[in-house]
Every structure is written in C-alpha cells, then in structure tokens.
Amino acid sequence: CQRWFAEQFGYLIKALKGTPDPQGGTLLDSTVVVWCTELGDSRLHICQSVPFVLAGGGVRAGRYLRFKGAPHNRLLTSLCQAVGLTNTSFGDPSRGTGALEGVL
C-alpha cells in the first residue's frame, strides 16, 4: 500500500507543477505538500523516526534531514510559518515549541 501512496503523492506533485497559479508560477510553487506515515517502523509499531516527505514552495528538494527525536509538532510549526502564520507551536506545546532550523 505504501507504493500506492507514493504514486499518489507523485501524481499530486506532478499535477500541481503542471497547473499555472493565477498569481504567477505554478500551484506547486505556492503550496507545501506533506506525506508521512503513522509509524517509523511498522513491523514493530514504533512511532519514532517517522519519515516525512515535503514538496512544494519554499522546500529545497533532494535533501534528507535528521532531527534526532524532535517532535513532529515542531515540523508542523515550521510549515505554518512557511505559509505566513506567526504561531510558535502546533498542538500540545508541552511536546516542544518553535520551528525546526533548516526545514525550508
């Protein structure tokens, strides 16, 4: 099923890249798309080291970043700030606050 999800993610990216944005560029240029799984290791049902794939506006392609145990709500905070929001946390602030450096 992960192969199917990857194909759908690729289809979405290609469709956004091929659609002009009325404000200039393509819809992919003005969109951030996130794909992730619910588990880091599905065989063991471990929720650590969950991979996230980012594409679109503001994301530099072709990189693999490791954030050594940083909670995913900090990644979501980074994405919020990338689209112009000013929040410093996302979800439960006791799990960590602030954006992750180097995401975008």
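Biologist: Which residues lie nearest the centre of the largest pocket?

Modeller: Val50, Pro51, Phe52, Leu65 and Phe67 do, out of 34 lining residues. A pocket here is an open set of points on a 1 Å grid over the protein atoms alone, where a 1.4 Å probe fits, with protein on both sides within 12 Å along at least five of seven lines; lining residues have an atom within 4 Å of a point.

Biologist: What is this model, and how are residues numbered?

Modeller: It is a predicted model, in which local features need pLDDT of at least 70 and side-chain atom pairs pLDDT 80 or more, while totals for chains, interfaces and linings use all residues. Residues are numbered from 1 along each chain as its sequence is written, and side-chain values use heavy atoms, without hydrogens and water.

Biologist: Which element gives the largest share of the pocket lining?

Modeller: S2 does, with 5 residues; strands are DSSP runs of E, at least two residues, and helices are runs of H or I, at least four, numbered from the N terminus.

Biologist: Turning to the core, which residues make up the largest one?

Modeller: The largest nonpolar core consists of Phe9, Ile13, Leu16, Leu28, Val33 and Ala55. Such a core joins buried Ala, Val, Leu, Ile, Met, Phe, Trp, Tyr and Cys residues through side-chain atoms within 4.5 Å, buried meaning under 20% relative accessible area, exposed over 50% and partly exposed in between (1.4 Å probe, protein chains only). Helix H1 (residues 2-17) gives the largest share of this core, 3 residues.

Biologist: And Trp4, how exposed is that?

Modeller: Trp4 is partly exposed, at a relative accessible area of 49%; Phe5 is also partly exposed, at 38%.
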